[in-house]
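Me: I would like to learn how to read the features of a model like this one. Please take me through them one at a time.

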Amino acid sequence: MTIAFKINGQSTSVDVDPMMPLLWVVRDELKLKGTKYGCGKAACGACSLHVDNNLVRSCSYPVKYAEGKEVTTIEGLSSDENQLHPIHQAWMDENVPQCGYCQTGFMMAGAKLIEEITKPSTDDIKGNISNICRCGTHPRIIKAIKRAASIKQGVQTP
Ligand code: FES
Ligand code: FES
């Protein structure tokens, strides 16, 4: 079945089983490898991306539901490749990753959160982002999401 949608602002179509998880379409058909496979059960968040500006765990999202929609992955988080998204900048400033495997999922979740909550508290972040990091980078992730929110608001952060 041919399924058409936009990926990072570009129109695309794929001819796949409509029940194929969007994760595998993104990684294997469209060759965008930033989105990761962790659990395959919508539990860890490693596969998080945006569909029509909603946060989606793509391992458990059949591609047929993406028909006609806008999919954004970590590669397309900033529309201008010369301008970092606040979440990219904050992640570098806070030197967040350890092994890195879980990080893009957290970044996509964080990017969504700072759209919804302009100044997220630690409780806001813990309450809204249930992703898993087995390297224990959560304290830096929380700092980075707060920093990204400040950057987004144009507030200088030390
Ligand atoms: S791989 Fe999708 S939530 Fe874990
Ligand atoms: S940085 Fe290794 S799993 Fe999160």
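Me: Is Cys102 buried or exposed?

Reply: This is a predicted model, and the values below are computed from it. Cys102 has a relative accessible area of 10%. Buried means under 20%, so Cys102 is buried. Cys99 has a relative accessible area of 48% and is partly exposed.

Me: How many disulfides does a search of the whole structure find?

Reply: The general idea comes first. A disulfide joins the sulfur atoms of two cysteines by a covalent bond. Here the search of the whole structure finds 0 disulfides.

Me: Now helices. Which residues of helix α2 are buried?

Reply: As background, an α-helix has 3.6 residues a turn, so residues three or four places apart point the same way. Helix α2 covers residues 86–93, and its buried residues are Pro86, Ile87, His88, Ala90 and Trp91.

Me: What covers the buried residues of α2?

Reply: The cover includes α3 (103–116) and α5 (138–152).

Me: At what angle do α2 and α3 pack?

Reply: Two packed helices are described by the angle between their axes and by the distance between those axes. For α2 and α3 the angle is about 125 degrees, and the axes are 9 Å apart. The two helices are therefore oblique to each other. The crossing of α2 and α3 is right-handed. From α2, the residues that make the contact are Pro86, Ile87, His88 and Trp91; from α3, they are Gln103, Phe106, Met107, Gly110, Ala111 and Ile114. By class, this contact of α2 with α3 has 7 nonpolar residues, 3 polar and no charged.

Me: And what is the angle between α3 and α5?

Reply: That pair packs at about 40 degrees, with the axes 10 Å apart. Angles under 35 degrees count as roughly parallel, and α3 and α5 are therefore oblique to each other. Their crossing is right-handed. On the α3 side, the contact uses Gln103, Phe106, Gly110, Leu113, Ile114 and Glu115. On the α5 side, it uses His138, Ile141, Ile145, Ala148, Ala149 and Lys152. The contact of α3 with α5 divides into 7 nonpolar, 3 polar and 2 charged residues.

Me: Next, backbone angles. What is the phi of Lys31?

Reply: Most residues other than glycine have a negative phi. The phi of Lys31 is near 60 degrees, a positive value in a residue other than glycine. Lys31 is placed in the loop between α1 (22–29) and β3 (48–51), and at 56% relative accessibility it counts as exposed.

Me: Where does Asp52 lie, and what is its phi?

Reply: Asp52 is in the loop between β3 and β4 (54–57). Its phi is near 50 degrees, again positive in a residue other than glycine. With a relative accessible area of 39%, Asp52 is partly exposed.

Me: Loops next. Is Ser58 buried or exposed?

Reply: Ser58 sits in the loop between β4 and β5 (70–72). Its relative accessible area is 0%, so Ser58 is buried. Leaving out residues up to four places away in sequence, Ser58 touches Pro21, Leu22, Leu23, Thr35, Cys47 and Leu49.

Me: What does Ala46 touch, not counting residues up to four places away in sequence?

Reply: Ala46 touches Thr35, Lys36, Gly38, Thr104 and Gly105 on that count. Ala46 belongs to the loop between α1 and β3, and at 4% relative accessibility it counts as buried. Ala46 and Ile132 are 86 residues apart along the chain, and their C-alpha atoms are separated by 7.7 Å.

Me: How far apart are the C-alpha atoms of Ile7 and Ile117?

Reply: Those atoms are separated by 25 Å, and the two residues are 110 residues apart along the chain. Ile7 lies in strand β1 (residues 2–7) and is buried, with a relative accessible area of 9%. Setting aside its neighbours within four places in sequence, Ile7 is in contact with Thr12, Val26, Leu30, Leu32, Val71 and Thr73.

Note on methods: Residues numbered from 1 in each chain as written. Chains lettered and ligands numbered in written order. Predicted model: local features only at pLDDT ≥ 70, side-chain atom pairs only at ≥ 80, totals over all residues. Heavy atoms only, no water. Buried < 20%, exposed > 50% of the residue type's maximum accessible area, 1.4 Å probe, protein only. Helix = DSSP H or I, 4+ residues; strand = E, 2+ residues; numbered from the N terminus. Contact = heavy atoms within 4.5 Å. Axes fitted to C-alpha atoms, helices over the stretch in contact; angles between N-to-C directions. Parallel < 35°, antiparallel > 145°, perpendicular 65-115°, else oblique. Left-handed = near helix turned anticlockwise from the far one by under 90°. Nonpolar A, V, L, I, M, F, W, Y, C, P; charged D, E, K, R; others polar. Disulfide = S-S within 2.5 Å.
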